[in-house]
Every structure is written in C-alpha cells, then in structure tokens.
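Interfaces are treated in turn, followed by pairings within single chains.

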Amino acid sequence: MLEINDLHVSVHGKDILKGLSLTVPPGEVHAIMGPNGAGKSTTSYTLAGRDGYDVTQGSIRFKGEDMVPLPPEERAAKGIFLAFQYPLEIPGVSTLTFLKSAVNAQARLRGEKELDAVQFLKLIRETAKGLNISEEMLKRSLNVGFSGGEKKRNEVLQMALLKPSLAILDETDSGLDIDAMKLVAEGVNALRAPDRSFLVITHYQRLLDYIVPDHIHILAGGRIVKSGDKSLALQLEEQGYDAVIGKVA
Amino acid sequence: MSQQAETLQELADQKYKYGFVTDIESEFAPKGLNEEIVRFISGKKNEPGWMLEWRLDAYRRWLTMTEPKWARVDYPPIDFQDSYYFAAPKNDSDKPKNLDEVDPELLKTYEKLGIPLSEQKMLAGVAVDAVFDSVSVATTFKAKLEEVGVIFCPLSEALAKHPELVRKYLGTVVPVTDNYYATLNSAVFSEGSFVYVPEGVRCPMELSTYFRINASKTGQFERTLIIAEKNSYVSYLEGCTAPMRDENQLHAAVVELVALEGAEIKYSTVQNWYPGDENGKGGIYNFVTKRGDCRGANSKISWTQVETGSAITWKYPSCILRGDNSVGEFYSIAIANNCQQADTGTKMIHLGKNTKSRIISKGISAGRAQNTYRGLVSVHAKADGARNFTQCDSLLMGSRCGAHTVPYIESHNPGAIVEHEATTSKISDDQLFYCLSRGIGTEEAVALIVNGFCREVLQQLPMEFAVEAQKLVGISLEGSVG
Amino acid sequence: MGDAISTGSLLETATGRNTGAADWAEALRDRSRAEFAALGLPNRRLEAWRYSDLARALSETVRETGSLPTCHDMPGAYSAIFENGILDETQSSFREAGALPLRQILADPASPFVGHIGGVNPQDDHPLLSLNTALMEEGIVLRVPAGTTLEQPLHLRFDWQADTIGGRHLRVLILLEEGAKATLVETHGGSPSFATIVTEVRLAKNSELTHVRLERLGSSGRQSAMTLGEIGASARYRAFYLSEGGHFSRHEALLKLAGEEAQADIEGASLATGTRHCDNTTIITHAVPHTTSQQSFRGVLSGRARGAYQGCIRVAPDAQGTDARQMSRALLLSHRAEAATKPELEIFADDVKCAHGATIGELDADALFFLRARGIPEAEALSILIEAFFSESLAMIENDHLRGLATDAVQDWLSSHASEVSSVE
C-alpha cells in the first residue's frame with residue numbers, strides 16, 4: 001500500500017526527515033511513535049503533500065505510484081487521507097457544504113459520477129448517525145465553535161465518507177479526554193478493512209490501547225530507529241523514550 | 001504551488017463573459033452636454049413641461065458644482081463633453097412595446113446575458129424590465145402585476161401614464177442638488193424603472209431591472225423610483241453588464257425608495273459592469289446615488305449588493321429612518337480584483353424613535369485593487385431607543401492590494417446603542433491546505449472559503465440570484481491566488 | 001478667558017518675540033511660518049478636523065464658568081514648571097534629569113539636537129505642527145543616554161491661570177537612546193487662551209517610554225496638543241491619556257512604529273461635562289513588519305459636551321505580521337451630549353491582524369436601578385458605574401505607579417463632577 005524509502009525532507013531549508021523508510025501493507029495498522037521534534041507532523045504533512053515540505057531525497061510510493069510530484073488534492077483522490085491534529089475552522093462554510101464539495105471533487109478527479117443532493121444527504125445521514133454527530137452540527141460552520149472531541153469526530157466522519165485506502169491519524173488523541181478518545185477510536189476501528197491501511201502517529205501509548213496496531217515504529221531524529229510489535233509501546237510507556245532510543249543508539 | 005498558479009493564470013485570462021457588443025443600429029443625441037441635449041432627451045420621451053424645467057434647473061445647478069474628491073479612488077479628469085448622453089436602438093420607436101415587436105437582435109442579446117425576455121422561458125416569479133442604453137426595450141409580466149394593482153414600467157411610461165405619482169415622489173429622497181453625480185443624473189436621466197405597490201399589496205413576484213450598456217462613448221443615467229404604500233411589500237433586483245471596451249464609460253444612476261407606514265422594500269443589486277482589463281484599461285465608472293426613505297412608522301428598507309464589476313465603484317445605498325420603529329439594512333459584498341477601485345458603504349440616519357439598522361459589509365481585495373468601506377451611522381437627538389450594529393470584514397488576497405475601513409459613528413442620543421466591529425483577515429495557508437488534502441482544488445477551495453466569508457450577505461439575496469452571485473464571487477477572484 | 005484669534009493674529013503675536021535664536025532655528029521657523037500661512041487654521045471642512053472646528057472655536061470670545069482648575073500633583077519627580085507658557089526655572093528641577101530648556105537649544109548654533117527638533121513628523125501638511133514649529137520658544141529637551149534609566153519621572157507642568165496672550169506654542173523633545181527607560185508625565189491645568197503643545201518622542205532600539213498626560217483645562221481653555229512618536233526596533237511606548245475637555249481640547253497621537261517588534265499601547269479616558277469639547281485623535285502607522293499596537297479609548301459625556309475619537313491604523317505595504325487592535329467606547333449621559341467615533345483602517349499588507357470595535361451607548365439602566373434599590377443615591381450610583389466603566393481600562397495599565405496616577409485622576413474628576421453628571425437634562 002505505502003512504501004517510503006530513504007525519505008529526506010526539509011522545511012524552510014531545515015532538514016527534518018533524514019532517511020525515513022517504512023512499508024505499510026494493505027489492511028495493516030502501523031503506529032509511529034516519537035518524542036517531540038522527532039518529525040512526526042512533518043511525516044504526515046509530507047505524505048499529504050503540503051507546500052513547503054520539500055522532498056530532497058528518497059521516494060513515497062502509494063499503490064506503486066510515485067506521490068512526490070502530486071498536489072494534495074490528487075493524493076486525496078487517490079486515497080490518502082490525513083486526519084489533522086488541529087482541524088481547521090472555516091467560518092461561513094457549513095460542514096455539509098464542505099463535505100459535499102470534497103466528496104464530489106474527489107469523484108470528479110477519479111472520473112466518477114458526482115452525487116446529487118439527495119444521494120449525498122442520505123449518505124451523510126447514515127454515516128453521521130454511527131458517529132453520534134447531530135444534524136445540527138453538520139449545519140454549523142466547519143469546525144467553528146466545535147469542541148476538541150467534536151472536531152476529531154468530524155475528522156473521522158470525513159474519513160468514513162471519503163473511504164481512503166490509507167488513513168493517516170496525526171496525534172488524533174491530543175486534546176481528547178478518555179470518553180472522546182474511545183468514541184473516536186471506535187469510529188476508526190469500524191473502518192478497519194482488508195483493503196485499508198492506517199498510519200497512527202502519536203506521542204503517547206494510550207491511543208494504542210484502543211486502536212491496536214500491528215506494528216510500531218519509533219521515529220527519532222528524522223528516521224525510524226526501532227520497529228516492533230505492540231509490546232514496544234508498553235516498553236516505551238514504562239521506560240520512556242530516552243531509555244528505549246538510547247538502547248538503540 | 002507553481003502548478004496551482006498556472007491553472008489560476010489560465011482562468012484569469014478568461015475574458016469577461018458579458019463583454020460582447022450587440023450589432024444594432026443606434027440613434028444618438030449629439031455628443032456633449034448642454035441645455036439643448038437636456039431638451040433633446042426630454043423631447044425624446046415626450047415629457048411634460050414641468051419635467052423639462054426640473055431637468056434644466058438641475059443642469060444649471062450642476063454647472064456650478066464640482067466633482068467630489070473625498071473617496072479613495074483615483075482617476076484622470078472626466079471630459080463630460082466627450083460622451084453621448086442618449087443612445088437608443090434605431091428601430092425602437094418612442095415607447096416600449098409588446099415582446100413580439102421587440103427587435104430579435106435585442107431578444108438575442110438578453111438571452112445571451114442569461115435573461116430570456118419571453119415569459120415562457122423566464123424564471124417563474126420574476127418580472128423583468130430590460131433597459132438597453134437609454135431606453136427600456138421590454139417589461140415582462142406587466143399584465144399579471146396589474147391584476148393586483150402593482151405598476152412596474154419604465155419611468156418614461158410612468159411619466160405619461162401616472163404623472164401625479166412621479167411628480168409627487170421624484171427627487172424627494174435624493175434632492176436634485178444632492179451631489180454632483182445625482183444632479184447630473186437629474187438633468188439627463190434617460191430611463192429606469194418605476195414601481196408602485198398599492199396599500200396592503202404583497203407584490204406576487206420578484207421585480208427585476210436588467211441594465212445593459214451597449215453603445216460606445218455613451219453614459220448610462222437611469223433613474224429608478226420605487227414607492228411602497230402602507231403595509232405593502234416588494235422585492236426588487238437589478239443586474240448590470242457592459243461590453244469590454246478600452247474606454248471608460250460613465251454610469252451615474254439615482255435610485256429612490258419610499259416606504260410608507262408598515263411597508264417593506266427589499267432592493268438587491270448584482271453589479272457586474274465591465275471592470276476593465278487586468279492592467280486597469282477600460283471599465284465602467286459607477287457613480288451611483290441610492291437612498292431609501294423609511295417615511296412611515298414600522299417600515300423597512302433592506303439593501304443587498306454584490307459589487308464585482310466596474311473600474312471604479314462610488315456608491316453608498318442609504319436609509320433615512322424617519323418613521324418610528326423603522327428598520328434599515330445594508331448587506332454588501334464588494335470584490336475588487338486587478339486594478340479595480342471600490343469605495344462603497346452606506347449611511348444609516350436614525351431620526352425616528354426605536355429605529356434599527358444593521359450593516360454587514362464584506363470587502364474582498366485582490367491583485368492591485370483598493371477596496372474601501374465608508375459608512376455613516378448617525379443617531380439624532382430624538383431617536384430614542386435607536387440601535388445599530390455594524391460588522392465590517394475585509395479579506396485580503398495577496399500583498400499588493402489594499403483594504404480600508406472608514407466608519408463614521410455619530411450619536412446625539414443617550415438612549416441609543418451603536419456597535420461597530422471590524423476585522424481584517426486573509427485566506428490562511430492552513431485553511432487552503434485543509435481543503436486541498438480533502439481533494440478540493442485550489443480554485444474551488446478559494447471560492448468555497450470566500451463564499452463562506454460572504455455567507456451572511458449571500459443569504460439575503462432572493463433564491464434565484466443567490467446561486468448566480470455565488471458563482472460570480474468565484475469568477476471575480478479567479479487568478480487572485482497563486 | 002480667551003479672545004478671538006485668527007491665522008493672521010497668531011502670526012503677528014509672535015513677531016519680534018523670537019529673538020536670540022540661532023540661524024538653523026530661524027530657518028526652521030521661517031519655513032514653518034510660510035507653511036502655516038499657506039494652510040491656515042484648520043476648520044471642519046478638513047476631514048481630520050471634522051469634529052473639531054478650531055478656526056471657529058478661536059473666533060469666539062469665551063468666558064470661564066466656575067473656578068479655574070489646577071494641574072494634578074506629581075510629587076517626587078524631576079519637574080519643569082510652565083506658568084502661562086513661560087518656563088519658571090527657579091521652581092523647576094529638570095536639569096537634575098539632564099534635561100535642558102528649549103530656549104538654550106534654539107540659541108545654540110551647534111546644538112546636538114539640530115535636526116531632531118522637527119525631525120519626527122509622521123504626517124504631512126499639519127497646520128498646527130507648522131504653527132508650533134514657527135512660533136515655539138519655550139519647552140524642554142531631554143536625552144536619556146543608552147542603557148540608562150531615568151530614576152524619577154520627568155514632570156512637565158503646564159499651568160494656565162491668567163493667560164491672555166493669543167497663542168503660546170510649547171515644544172518638548174524626548175530622545176531615548178538604545179535600551180534607555182524613562183517616564184514622562186505632562187499635566188495641564190487652567191485655561192490657556194490658545195496653546196499648542198507638541199511633544200516629539202524618538203525611541204531608539206529596545207528603549208521604553210511611559211507617557212502620562214493628565215489634562216484638566218478650564219471651561220474656556222483652548223488647547224491643541226500633539227504627540228509625535230517614532231518607535232524603533234523592540235522599543236515600547238506605553239501611554240495613558242486623560243482629558244476633561246475644554247472650550248477646545250484636542251490631542252493627537254501620531255505614532256510611527258519604525259522598527260521590527262516595536263510596540264505601542266495607549267489607554268485613553270475622557271470625561272467631559274457642561275459645554276466642553278474633547279477630541280482624541282490617533283494615527284498609528286505600522287511601517288515595518290512585525291509591529292504591534294493596542295489602543296483603547298473610553299469616554300463619558302454629559303451635559304452638552306461633545307466628544308470625538310478618531311483613530312486610524314495604517315499598515316504600510318510589506319508590513320506583514322502587523323497586529324493592531326483598537327477599541328473605543330463612549331457613554332452618553334444626556335440628551336444634549338454628542339459622541340462621534342471614526343475608527344479607521346488603511347491596510348496595504350495581507351498577513352496582518354487588525355481589528356477595531358466601537359460602541360456608543362448609555363449606562364446600564366438595570367445596574368443603576370439595582371444600586372439605587374440597595375439604597376445608593378443616584379449620583380453615587382452613577383459614579384460607581386462610571387468608575388467601573390473606566391476600571392477595565394485602568395486595569396490594563398501594567399505599571400503600578402502609573403495605574404495609581406490614572407486611577408486617582410479619574411476618581412478626582414468623579415468626586416468633583418458628581419453633581420453635574422447626575423443632572424441629566
């Protein structure tokens with residue numbers, strides 16, 4: 001599904017990623033953990049194709065295709081989805097309008113038929129119900145005045161609607177209490193499928209209690225320094241990053 | 001980034017959609033302006049003697065006046081003698097006639113502009129008066145309106161058929177000497193719409209006037225008068241376009257609204273005059289005086305404008321809140337791109353008790369454009385309980401444009417509450433990226449965000465036009481982000 | 001008491017009085033005199049003077065009603081005492097702060113301040129600035145050397161007890177060198193027949209000036225003052241302006257944020273009764289990237305008082321990262337009082353945060369009723385509410401000493417004007 005090979009990325013002329021390599025096969029959930037400043041957010045922005053994140057070396061292949069030259073909207077249409085750590089507020093644009101624009105823009109880019117208003121409403125109502133998102137919330141301006149939990153649920157709703165092949169969850173647990181996190185995790189787990197992969201980026205182990213990964217990678221200094229199974233997270237929790245990374249180094 | 005910029009550049013190079021010229025033979029008044037021209041125009045319209053005297057008086061006063069200079073707009077001096085003050089399609093005789101007699105070339109023109117004049121093809125529920133240069137070429141649904149007593153016709157026809165109404169109200173909201181351009185208009189106005197809604201009548205359909213400048217070197221000076229009698233209601237919309245030309249053409253209109261006790265007038269404008277090219281060559285100078293008088297208690301006048309065109313916009317649709325409990329509203333979207341200059345806003349004059357006004361202004365500047373909101377809220381000593389709320393937001397796109405806010409707030413009454421807020425923002429890279437990462441392209445994302453920014457105003461437009469206006473907002477800004 | 005004054009009489013009054021000035025000063029005056037003669041006294045046809053018709057105010061003969069107020073006290077400061085516009089050195093201690101009288105500077109052909117006086121001018125064509133420069137005689141010049149902190153505030157006390165001269169023009173120049181810190185306090189009391197006072201402030205990198213203006217003019221006082229400031233990189237200008245109005249009272253703060261990370265914070269309060277006029281005007285120019293300004297003006301107007309606040313924020317092209325906020329609130333306490341506000345934005349850069357808010361209204365009637373229902377007499381209740389209205393503004397003042405001064409000034413006014421405020425017409 002996703003193959004990252006020797007990826008080097010600089011932001012404002014500063015090298016952040018220095019040789020990151022990672023393979024995520026279809027249907028698997030991989031977690032990237034790392035201390036502050038390790039390059040976690042850079043990884044997610046680079047995969048989504050944000051301006052200013054310059055790939056200076058290495059490659060990102062998604063379903064065998066080179067992603068580096070593609071603008072963000074085309075990557076999205078090909079099935080890459082980034083759940084933002086801090087979802088943006090757009091005043092005056094209702095969540096419903098935004099979602100419809102996104103679903104149809106991707107359909108257009110893929111050469112598929114756009115949904116009409118009735119089909120779309122039916123689709124979104126069904127999807128929203130499962131995530132405990134009220135119709136009133138859909139009518140409000142996108143993320144404006146939403147609580148932290150509502151914003152993250154809105155991200156999961158988008159994911160459910162857009163049906164990506166690869167979902168990147170960037171620090172999805174930040175700013176959430178346990179109940180909100182459980183709700184979000186349930187939403188994510190419901191979307192797990194043999195043809196869908198997840199890349200869960202997080203600082204803390206706690207989210208991984210709810211979204212159980214197949215593999216865990218530790219990112220430090222712009223590279224994956226250690227990989228392992230779920231037990232690695234527990235080890236980190238007990239010993240801290242310094243001890244675990246220190247052992248590696 | 002560069003890829004986005006390219007796409008947008010391509011879009012920016014698209015021509016103004018309404019820039020074509022209709023090839024039709026026209027009759028002109030001799031070029032220039034003098035008393036003879038004023039007599040010529042009045043004669044063309046077979047006006048009564050008092051109307052001619054009114055015009056001549058205005059003309060003489062105009063000669064003693066000077067152009068206002070306080071607006072933040074900059075343009076070379078206008079040579080008022082280098083323009084035609086009257087132009088009409090030649091085979092159009094003195095007055096508008098039935099649709100089947102209208103020159104097919106004109107019908108085609110309006111069809112091309114998206115305003116089919118045949119009643120079968122029209123948007124249901126919208127009556128249209130089509131003004132081409134200095135004359136009205138057709139007014140639709142007149143008969144249907146007459147059934148309920150609503151008069152909707154060209155002003156020249158109203159002068160012939162209802163002279164007492166015109167004489168009673170014309171110039172009572174915008175006096176002849178109000179300002180330089182209004183006085184010029186009073187002397188040479190050639191066409192416009194007249195609306196009269198009788199007591200207690202709710203006008204059964206939207207009324208709309210579509211203004212088209214076609215002839216070269218010609219100014220358009222229409223005059224619109226709307227009277228809503230006690231407890232009546234009318235919603236009126238105007239649209240405007242002009243061909244692309246290298247020259248600057250003058251449009252100096254006057255609009256007067258009179259709302260009597262309990263009446264409500266909703267006046268919407270989608271202004272899409274030719275804005276000039278990306279280097280600022282050509283385009284319409286839009287110097288317009290619009291004012292509504294809430295003459296009766298509990299009356300309401302609401303202005304909504306979407307200003308996307310014109311090289312220069314100088315326009316302040318205002319409300320005189322004379323009647324107790326009367327309400328004035330001003331909802332505005334002003335977009336200035338490339339070299340456009342817009343200086344627009346409103347005046348809310350609170351005279352009566354418990355009068356309320358609301359101003360929502362959304363200014364968008366892009367390219368090298370200058371966009372100014374200028375507004376006055378004035379509360380007079382007797383306006384106990386007056387309330388005003390003003391929100392002025394500016395959105396800047398790019399670092400070469402300017403956004404300016406010049407509000408005047410004057411209160412002479414301790415029982416009044418006046419509130420004003422203004423903000424300035426840009427489309428953040430984060431917002432744009434968020435949209436892109438969901439698969440929405442740059443151009444669509446900008447249109448989406450800007451439409452969100454303008455939503456409060458767009459919601460005020462009649463349904464049929466809101467969709468058009470939304471598209472126009474997107475089109476006007478093409479090429480502004482990259 | 002003031003007599004009628006015109007452009008011509010202003011220029012004449014000064015003739016022959018400017019003796020002993022050096023050539024550079026004479027040249028500067030001549031140039032400014034010609035400018036003023038061409039521009040004339042400002043009237044309300046000029047946009048910037050829309051709410052303050054100086055030409056008209058000066059054309060009237062006015063009489064003082066009530067006793068003449070005196071300046072606020074400022075013990076323990078370096079002082080410069082001006083009686084009717086004339087510096088009284090014997091009572092002053094400004095030389096201890098290193099300050100010099102303007103006369104001495106103007107007479108010195110090789111003064112190090114040549115070029116500094118009249119050097120801060122963020123606005124073209126200002127008739128009163130030209131007038132002041134043409135006719136300035138008295139004033140104070142202070143330079144605080146790099147890295148030093150002026151121990152005590154410098155207090156400029158302008159007392160106008162029996163002024164009959166048709167025009168006094170005072171000039172103050174404050175230069176803070178890199179990293180210097182100082183507090184400047186201006187107090188104005190009594191009724192000038194007509195005075196212009198220009199305070200030029202130039203703040204070098206990392207310097208900090210705290211500026212307090214407490215104006216307590218009599219009802220016939222006519223004064224138009226200006227603070228011209230140029231604020232350098234990482235320098236900070238903090239101000240509190242209090243004005244009680246006069247027959248004509250105007251203060252303009254024309255500030256240019258000229259270095260990155262420069263900052264200006266102004267809190268303003270105006271309180272006017274009777275037939276007084278009170279105008280606060282600011283133009284803050286953000287000339288370079290990453291500068292910050294914050295202004296908040298509050299006014300209470302009763303009787304037939306007229307108050308105006310005009311505030312303009314200008315953001316120059318390329319001044320990205322500007323953060324400018326402006327707020328004005330006016331309370332009208334009577335049917336014959338008038339408030340005008342013109343909060344203006346002129347923005348030529350896109351990556352900026354600029355916002356203004358303005359309100360005009362009356363005191364909360366419910367709150368007033370509540371206080372009276374608890375047995376507090378109306379006048380006292382009004383005072384409490386007005387004090388509360390200003391307290392938000394006063395609380396914004398970081399410096400304790402400065403906040404104390406400002407709070408006292410507001411309370412002084414309330415205790416002496418309580419009866420006028422409550423006599424709602």
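A salt bridge is taken here as a side-chain nitrogen of Lys or Arg within 4 Å of a carboxyl oxygen of Asp or Glu. By that rule, 3 salt bridges are counted between chain A and chain B. The model is a predicted one, in which local features need pLDDT of at least 70 and side-chain atom pairs count only at pLDDT 80 or more, while totals for chains, interfaces and linings use all residues. Residues are numbered from 1 along each chain as its sequence is written, chains are lettered from A and ligands numbered from 1 in the order in which they are written, and side-chain values use heavy atoms, with hydrogens and water left out.

**Interface of chains A and B**

Contact (heavy atoms within 4.5 Å) involves 39 residues of chain A and 22 residues of chain B. Buried area is the accessible area (1.4 Å probe) that two parts lose on being put together, summed over both. For chains A and B this area is about 2200 Å², and carbon and sulfur atoms give 59% of it. On the chain A side, A:Arg50, A:Glu73 and A:Leu88 lose the most area to chain B, together 22% of what that side buries.

One salt bridge joins the side chains of B:Glu444 and A:Arg108, with an N to O distance of 2.8 Å. A polar contact is a pair of N or O atoms within 3.5 Å; within protein, one must be able to donate a hydrogen and the other to accept it, and residues adjacent in sequence count only if both atoms are side-chain atoms. Across this interface of chain A and chain B, 12 residue pairs are in polar contact, both residues being at pLDDT 80 or more.

Helices (H or I, at least four residues) and strands (E, at least two) are DSSP runs numbered from the N terminus. Elements giving two or more residues to the side of chain A that touches chain B include α1 (40–48), α2 (72–78) and α6 (148–162) of chain A. The largest share of that side, 8 residues, comes from α3(A). Ala, Val, Leu, Ile, Met, Phe, Trp, Tyr, Cys and Pro count as nonpolar, Asp, Glu, Lys and Arg as charged, and the others, Gly among them, as polar. Under this scheme the side of chain A that touches chain B has 22 nonpolar, 9 polar and 8 charged residues.

**Interface of chains B and C**

Of the 2 pairs of chains that touch, chains B and C have the most contacts. No contact joins chain A and chain C; their closest C-alpha atoms lie 16 Å apart. Between chains C and B, 33 residues of chain C are in contact with 32 residues of chain B. The area buried between them is about 2700 Å², with 50% from carbon and sulfur atoms. C:His335, C:Asp350 and C:Ile360 supply 22% of the area that chain C buries against chain B, more than any other three residues.

The count between chain C and chain B is 2 salt bridges, and 16 residue pairs are in polar contact, both at pLDDT 80 or more. On the side of chain C that touches chain B, the elements giving two or more residues are β18 (338–347) and β19 (353–361) of chain C. β18(C) gives the most, with 10 residues. By class, that side of chain C has 16 nonpolar, 8 polar and 9 charged residues.

Two strands pair if DSSP finds at least two bridges between them. Strand β23 (residues 417–426) of chain B is joined to β19(C) by 7 bridges, and the two run antiparallel. Within this pairing, C:His356 in β19(C) is the bridge partner of B:Ala422.

**Salt bridges**

Over all chains, the count comes to 55 salt bridges.

| Pair | Closest N to O distance |
|---|---|
| C:Glu346 and B:Arg72 | 3.2 Å |
| C:Arg103 and C:Glu137 | 3.6 Å |

Buried means under 20% relative accessible area, exposed over 50%, and partly exposed in between (1.4 Å probe, protein chains only). Both B:Arg55 and B:Glu47 are buried, and so are both B:Arg374 and B:Asp343. C:Arg103 counts as partly exposed because its relative accessibility is 40%, whereas C:Glu137, at a relative accessible area of 10%, is buried.
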